Amino acid sequence: MPEGTLCNKKTIDTQEALHALLADKSGKKYYEEMKQLDVNATVLWGVIRKTLKSRLRTWLEICAHCGMCADSCFLYLTNGRDPKQVPSYKIQSTLGELVKRKGKVDNDFMHHCMDTAWSKCTCCNRCAMYCPFGIDMGVMFGYLRGLLFSQGFVPWELKIGSGMHRVYRAQMDVTTEDWVETCEWMCEEYEEDWPGLTFPIDKPDADIMYTVNAREVKHYPEDLAEAAILFHLAGENWTVPSQGWEETSLAMFAGDWAACKMQVESVYDAMKRLKSKRMVVTECGHAYRATVVEGPYWAGLKTGKTPIESLHYVEWLAEALRTGKLKIDPSKKIKEPVTYQDSCNYIRNAGLAECAREIMSYIAEDFREMTPCREYNFCCGGGGGFNGIGRYREQRNIGLKIKRDQVLDTGAKLVIAPCHNCWDAIRDMEEIYHIGIRWSFLKPVLLKMVLVPEHLKPKDE
Amino acid sequence: MFKKILFATTASPVCDNAAKVAFDLELKWDAELIVFHVLGIPTHGFSPFVTDVRTGGNELADNDYLDWVKEEMKNTYDKLLQDAEKVTIEAAIGMPHREILRKARKENVDLIVMGAHTRPEDVGASRYRSVVGSTMQKVAKNARCPIAIISRPCTTCWKLFSNIVVATDFSKASEAAFSWACKLAKQVNANLHIFHAVDLKATDAGLIKAQEDIEACIQSAREKIENKYLPRLKGFENHTVEIWEGAPYIEILKFARDRQADLIVMAHHAREIDPELALFGSTVEQVVLRSACPVASVNKLDKA
């Protein structure tokens, strides 16, 4: 059976197809069908010839197998230094082989590639910091994921994820109506406590266009309210777009290049439509990487930049605290030891380490760095889609040990984790290893210590 | 007064007392009842897994799982469902307080009925305790309709209530609590006992109020009640006014016992304390945990 009914080379573009896939609990039938899925070597080789450009070809060739990348990989370190977890080995035995064999590979090989690309690499790009040639295995695995996706070899959850983006332009089934309704609901719920609070939708020419993660809309709308309150207190002229509000990209985790483009273009369209001055994205790491760092290239923007200047939440927050738009009550600063989880996607891959330090200097009295930290920090252990794939749950849990030890070494019981995936990984780590820590996004922490100007305080009682 | 009721349940024995009240209201007030359970907490980042609220285990939440849970709920409420006519059973995935608020808003319900806390022999009790404690507070803070919290067996049918205590601190939210208590007392022809406790703030060490200060406070509270509330009770004679001093939750409980209250009505104070930090912090929660009768928290005027 070359193509299955659920596992095949087709993309998910309709609600029906999405529901059929969702109905297959844990992807049982999907993975069964995958065992029979044929590889179309001609098409695969065609794609490789068209898309494998000089940078990646050179990287594959010049790798000296020196092994300098080994110790950089948290999965190598937590899996008993298994040589099969050395990044250069991982990429040479998959993408390297695929190219050598000119795409003439079988189903078993593709399974090996899939399991490696999604369970032995989170695309955290840490290895690139240590390779003497600057070879970035994370980038290459991102590319390999694309090839695998095109042949239908992609974990079930991510096939669903990319389908969500195609159908809803969001990582979950949140429609425009749901989104607008949720904004109105949050305004209604919080306006009594925060007089004058508004949730401006599609307001043209605002200073800030705010974009979010669909999970906030679906399950954690308080996050939207907290963002609105902080913008309100800072006196920002801000808005959210009714369409193009979703900044994340499971399509990027899945390697669905076409869906990646569709998703970021929906955000860029909103930027152009509303003519906002700047865009700010919520506390999410991969969302920033997808829409701000990689997105412009997917969308074919020659500048390599988003249509308007784009900021991660930590950039906006650091600026708001620096310029005094938001003021902290010094008596309410965090007194206990606290550490910060540097997210790979906006710290290592976008250089925002200093913003994070600046924020911590305003809000914490005893800030403790992890070792290593900043650009050199390890992945939370759940990035690149790792958190959400049932097939690799065990491997993910093993990988979390590195973060456990890093956090323990700081002596801090509170971890600030301004990234949805990091937040989850740290929560799961606590649930598995019970080290007695707490974790938080920045917004709720800020709301507890920010000074509320007299005219914005509620007047009742 | 009760056309549509939302019974937010943990679907465990913890909520048995609340269930009896909810089904009784459905029957006696000819109301629609939605039995609603939130079963799993989703992740913040990408993942299809949810944490089962009762066991703490990881579940893959899909429609199958939801259907299975609904089936279980039907078994749990088997006996109560026999006499019920207008009951629907629903389950959802999400943060419990958020989904309860979402449902209440969508269905525009007149009352939310909840249990308060858990029993130690229950599976996953400690986890649920923290979830339920804060769930109740968060729902009480934000819901537009009254919340009835039932933690002990309540054998009196709501239609037969003879004593309703309304505790006020003169806040805007207390206005809503008073309005609603008043409406209910009139409908079931119960006595309405209007009560205020002068807060002596036992925690302010060293600051002991002089007796004349306390008496002045009591006098001013009495005037407030006379001016604010009594004119609205014209034609309704069955009411009393009482003002005591002390720690408000203790005084409320003492007063309720004294008047053999069937129901305590009060406002939940939104900004009084951070619900995350103080599991047993707010006055309303203290009252709920200790009260022998149901407690209704009313914060907003919408349904009052």
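Tutor: Two strands pair if DSSP finds at least two bridges between them; helices (H or I, at least four residues) and strands (E, at least two) are DSSP runs, numbered from the N terminus. In E2(A), the residue bridged to Ile208(A) is Trp238(A). This is a predicted model, in which local features need pLDDT of at least 70 and side-chain atom pairs count only at pLDDT 80 or more, while totals for chains, interfaces and linings use all residues. Residues are numbered from 1 along each chain as its sequence is written, and chains are lettered from A and ligands numbered from 1 in the order in which they are written.

Student: What makes E1(A) and strand E2 (residues 238–239) of chain A a pair?
Tutor: They share two bridges, in the parallel sense. At least two are required, so they pair.

Student: How do you know that E1(A) and strand E3 (residues 278–281) of chain A pair?
Tutor: Four bridges join these parallel strands. Met209(A) is opposite Met279(A) in E3(A), and Met279(A) in turn has Ser310(A) in E4(A) as its bridge partner. E3(A) and E4(A) are also parallel, joined by four bridges.

Student: Which residues of strand E1 (residues 208–211) of chain A point which way, and are they buried or exposed?
Tutor: Ile208(A) and Tyr210(A) point one way, Met209(A) and Thr211(A) the other, and all are buried.

Student: Where do chain A and chain B meet, and how many residues does the contact take?
Tutor: The contact takes 25 residues from chain A and 19 residues from chain B, two residues being in contact if their C-beta atoms, placed from the backbone, lie within 7 Å. H21(A) gives the largest share of chain A's side, four residues.

Student: What kinds of residue make up the side of chain A that touches chain B?
Tutor: Six are nonpolar, 11 polar and eight charged. Here Ala, Val, Leu, Ile, Met, Phe, Trp, Tyr, Cys and Pro count as nonpolar, Asp, Glu, Lys and Arg as charged, and the others, Gly among them, as polar.

Key. A residue is buried if 20 or more other C-beta atoms lie within 10 Å of its own, exposed if 12 or fewer, and partly exposed in between; C-beta atoms are placed from the backbone.
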